[in-house]
Each structure stands twice: as C-alpha cells, then as structure tokens.
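Here is a short report on one protein chain. Look at the model first, then read on.

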Amino acid sequence: MTDVIGLRLRMLSDWHIGTGGGVHGHLDRRVQRDQDGLPYVPAKTLAGVWRDACEVAAHALDSGPAGVWHDWVDDLFGTQHHTTGPGRGTSRPARLAVGGALRMPGRMGEALRGRPQLRQAAAFLKVGVAIDPATGTAADEELRAEGMAR
C-alpha cells in the first residue's frame, strides 16, 4: 500500500534553485524554469534538501556519524551504491518518493502563464560582490549576478 501526503511549499523570501549554468559576462547562476518559463522546485532537489536536513538531525540525535537515526534516514531516503568497504555493491531503494516538481499554484500559475511580462517578473537578477576578508571592502573583479525567484 502506498500512502500519499499532499504538501505545499511556501517560500518566505526570494529563492534560487539553479540550472548549474549561467551566461558568460552577464549571469553567474540561472534560475531553473519549467516548460512555461516559470521558476519551480524539481522533485529530486526537494528530496535532497529533506535528506540533508534529516542527516544533520540524525548526526545530532545519534551523537555522531552512525546510529539508529542514521539508519532511519537511509531507510527513508535509500542508500547509494558503495564501491568500497563493508556493504560494497549494495544499495537500498528509498521508501520516500516525491511525486513531481513543485510548481506555481493553480490560479497564480495560470495567470502568469498567460502574461509574458508577469512571467518574466517571477524572477529577477540579484547583483552582489565578494568582500575581501583582509580589507572588509569589495574584492576586485568579484562582481556577480544570480537569478532569483520571487
């Protein structure tokens, strides 16, 4: 039997889930967009963020890198194929499956899809600069632009 749990992800501030690429000389990190041109959260990214948070909690609850809480994380999210050491060549599938990407909800998504200017406004460029730790001022040649979703 498969249990299904519905969820709603609410972003409390601007966010970035990127494509891993940019546009040389213009954009360092591009926001990932769906087929309609709207920012979205891929299912695999959401599962990875959850796993990472659960691993941090498991480390604290187990007082180290192994224990019953780590076993629970591996049971829920699965294990990767090990190439060396104990358990070599084994992996366990995840019990948790995220059913699909998280996209703009119903009426909002529909309204944005039909209006190209509003669709473009769903993301913006955030410009920043690296700070030189020695001087506390802007570092030379460290200006960057990242795509951010609203």
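Trp69 and Trp72 sit three residues apart in helix α2 (residues 68-77), so about one helical turn separates them. Helices here are DSSP runs of H or I with at least four residues, strands are runs of E with at least two, and both are numbered from the N terminus.

This is a predicted model: local features need pLDDT of at least 70, side-chain atom pairs count only at pLDDT 80 or more, and totals for chains, interfaces and linings use all residues. Residues are numbered from 1 along each chain as its sequence is written, and side-chain values use heavy atoms, without hydrogens and water.

**The aromatic pair**

How many aromatic pairs does a search of the whole structure find? It finds one. The ring centres of Trp69 and Trp72 are 6.3 Å apart and the planes meet at 70°, so this pair is edge-to-face. Rings of Phe, Tyr and Trp (its six-membered ring) pair if their centres lie within 6.5 Å; planes under 30 degrees apart are stacked, over 60 edge-to-face, and the rest tilted.

Both residues are listed below with their exposure. Buried means under 20% relative accessible area, exposed means over 50%, and partly exposed is in between (1.4 Å probe, protein chains only).

| Residue | Relative accessible area | Class |
|---|---|---|
| Trp69 | 39% | partly exposed |
| Trp72 | 42% | partly exposed |

**The buried side of α2**

Which residues of α2 are buried? They are His70, Val73 and Phe77. These residues cover an arc of only 55° around the axis, so they lie on the same side of α2. The arc is taken from the directions from the helix axis to the C-beta atoms. The buried residues of α2 pack against α1 (43-61). Gly78 follows α2, and its phi is positive, near 85°.

**Core and chain**

The largest nonpolar core has six residues: Trp15, Ile17, Val31, Val41, Leu46 and Ala149. Such a core is a set of buried Ala, Val, Leu, Ile, Met, Phe, Trp, Tyr and Cys residues joined through side-chain atoms within 4.5 Å. Leaving aside neighbours within four places in sequence, Ala149 has contacts (heavy atoms within 4.5 Å) with residues including Asp14, Pro39 and Phe124.

The chain has four helices and two strands. From the N terminus on, the order is α-α-α-α-β-β. Of the 150 residues in the chain, 22% are buried.
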